[in-house]
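I opened the notebook to record what I looked up in this structure, going from the whole chain to two single residues.

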Amino acid sequence: MPKIEIYTKAFCPYCYRAKALLDGKHAEYEEIDISMGGPRRAEMVDRAEGRTTVPQIFIAGKHIGGSDDLAALDARGGLDPLLAA
């Protein structure tokens with residue numbers, strides 16, 4: 001399974017939804033909590049091409065986007081092949 005990284009904040013319903021989708025697929029991911037800001041938040045903004053909202057999701061280093069983007073990718077049938085790579 002490819003490396004999955006998800007930048008999150010505490011009490012974020014969109015973060016919860018994205019993690020629930022990944023959990024439902026038994027995907028292991030690294031959760032990076034940026035609730036307090038700092039260098040990891042700056043890293044996320046840089047990697048996500050200026051996006052400042054959470055979650056921001058990366059699979060195998062590729063920026064997927066946020067929760068809605070992840071759900072849309074899954075609905076199109078594009079998420080399972082990425083997870084199987």
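**Whole chain**

I read the order of elements from the N terminus of the protein chain as β-α-β-α-β-β-α-α, with helices (H or I, at least four residues) and strands (E, at least two) taken as DSSP runs numbered from the N terminus. I noted four helices and four strands in the protein chain.

This is a predicted model, in which local features need pLDDT of at least 70 and side-chain atom pairs count only at pLDDT 80 or more, while totals for chains, interfaces and linings use all residues. Residues are numbered from 1 along each chain as its sequence is written, and side-chain values use heavy atoms, with hydrogens and water left out.

I looked up the radius of gyration, taken over C-alpha atoms, where the globule rule is 2.2 Å times the number of residues to the power 0.38. The protein chain has 12 Å, which agrees with the value near 12 Å for a compact globule of 85 residues. Along its principal axes, I found that the C-alpha trace spans about 35 × 25 × 20 Å.

I then turned to burial (buried is under 20% relative accessible area, exposed over 50%, partly exposed in between, with a 1.4 Å probe and protein chains only), and I noted that buried residues make up 36% of the 85 residues. For contacts (heavy atoms within 4.5 Å), I recorded that, among those between residues at least 6 apart in sequence, 56% join residues at least 24 apart.

**Gln56**

Leaving aside neighbours within four places in sequence, I found Gln56 in contact with Glu5, Ile6, Tyr7, Met44, Ala48, Arg51, His63, Gly65 and Gly66. With His63, I also noted a side-chain to side-chain polar contact of 2.6 Å, a term that covers a pair of N or O atoms within 3.5 Å where, within protein, one must be able to donate a hydrogen and the other to accept it, and where residues adjacent in sequence count only if both atoms are side-chain atoms.

**Lys25**

I found Lys25 in the loop between helix H1 (13-24) and strand E2 (30-33), and with a relative accessible area of 25% I listed Lys25 as partly exposed. Not counting residues up to four places away in sequence, Lys25 touches Asp74, Leu79, Asp80 and Leu83, and the side chains of Lys25 and Asp80 make a polar contact of 2.9 Å. I also recorded that the C-alpha atoms of Lys25 and Cys12, 13 residues apart along the chain, are separated by 20 Å.
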